[in-house]
Amino acid sequence: MKQLLFLGDVVGAPGRVLLQRELAALRARLSLDWVVVNGENAAGGSGITRAIAADFAEAGVDVVTLGDHAWGQRGFEAEIATVPRLCRPANMPALCPGEPWRIVTDAGGARLLVFTVLGQQFMGTKADCPFATADRVLRELEGRFDFSLVEIHAEATSEKVALGWYLDGRASAVIGTHTHVATADARVLPQGTAYLTDAGMCGPHEGVIGREVAPVLGRFLDGRPRKLPVASGDVRLNGCVVSLDGQGTAVAVERFEWRGPLPAAAVAQA
Ligand SMILES: [Fe+2]
Ligand SMILES: [Fe+2]
């Protein structure tokens, strides 16, 4: 049996600090074989840097995935090719730099394929069809992996649920991200694919999807643009743990949430 921990979008320094502080202990306590983390909001709430990705790898993250905020940090497009164990969404235009998927091997030699597809509904990001892209990647890499995790980074729950059914029996897990709000629908679909509409986020929950309440509320009330600083309170890690059998099939999936006190210094770094 293999244990895979997937964690939703890491938001700013609060999310990073809690992840980096807790992951080694969680890895041991949950007997994890792989840890996959979405890092699209890790740097100041938008994007990621090579240095942050290196910190994640050192903390025990096997693969960092991204989403529509992949290019949120200036210059990352020039860095991404040099960042190991990170992939940008597979259905971004082929002109985009960065690897569209990753295969990582655990201590026993088992191979996990990881890739992300962006949704097309209400996203405002240029992306090819997530369904056709998932088909293509799974077909092209057939025989090169034993387990597969397909992340659907999307706004619409219907698009995410549909992809779960579409890949049932063909992917080990289909897990959603992007909304930063965890859903309560973790289940194993009939053909053995673990499914969760949204993993939630690793970041401050005393806020509006990771940002301070007052400026977000102000923008909704009067429509004027404002800076939206990363929030600081009630920091949690959110995601799910998938249990996989030797055939690459999911036998269980459970929501995962970890709360912990955060060192005050983390707030200033956000
Ligand atoms: Fe996000
Ligand atoms: Fe996103």
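In which sense do strand β8 and strand β10 pair, and over how many bridges? In this predicted model, strand β8 (residues 173-177) and strand β10 (residues 194-196) pair in the parallel sense, over three bridges, where two strands are taken to pair if DSSP finds at least two bridges between them. Within this pairing, A173 stands opposite A194 of β10.

Residues are numbered from 1 along each chain as its sequence is written, while chains are lettered from A and ligands numbered from 1 in the order in which they are written. As the model is predicted, local features need pLDDT of at least 70 and side-chain atom pairs count only at pLDDT 80 or more, whereas totals for chains, interfaces and linings use all residues.

The secondary structure of the protein comprises seven helices and 13 strands; these are DSSP runs numbered from the N terminus, helices being H or I of at least four residues and strands E of at least two. The radius of gyration is 17 Å, close to the 18 Å given by the globule rule for 270 residues, so the protein is as compact as a globular protein of that length. This radius is taken over C-alpha atoms, and the rule is 2.2 Å times the number of residues to the power 0.38. Buried residues account for 49% of the 270 residues; a residue is buried if 20 or more other C-beta atoms, placed from the backbone, lie within 10 Å of its own, exposed if 12 or fewer, and partly exposed in between.

The strands β8 and β10 belong to an open sheet of six strands in the order β5-β6-β7-β8-β10-β9, with mixed pairing. β5 (102-105) and β9 (187-188) stand at the edges with a single partner strand each, so one side of each is left without a neighbour in the sheet. Helix α4 (residues 130-140) lies across β6 (111-118) and β7 (147-153), at about 160° to β6. Helix α5 (residues 157-166) lies across β7, β8 and β10, at about 170° to β8. Axes are lines fitted to C-alpha atoms, for helices over the stretch in contact, and angles run from 0 to 180 degrees between N-to-C directions.

In helix α2 (residues 50-59), I52, A53 and F56 are buried. The buried residues of α2 fall within an arc of 100° when seen down its axis, so they line one face of the helix; the arc is that of the directions from the helix axis to the C-beta atoms. They pack against α1 (12-29), β2 (34-38), β3 (63-65) and β4 (86-87), contact requiring C-beta atoms, placed from the backbone, within 7 Å. The face of α2 turned away from the buried side carries the exposed residues A51 and E58.

Conventions
Contact = placed C-beta atoms within 7 Å.
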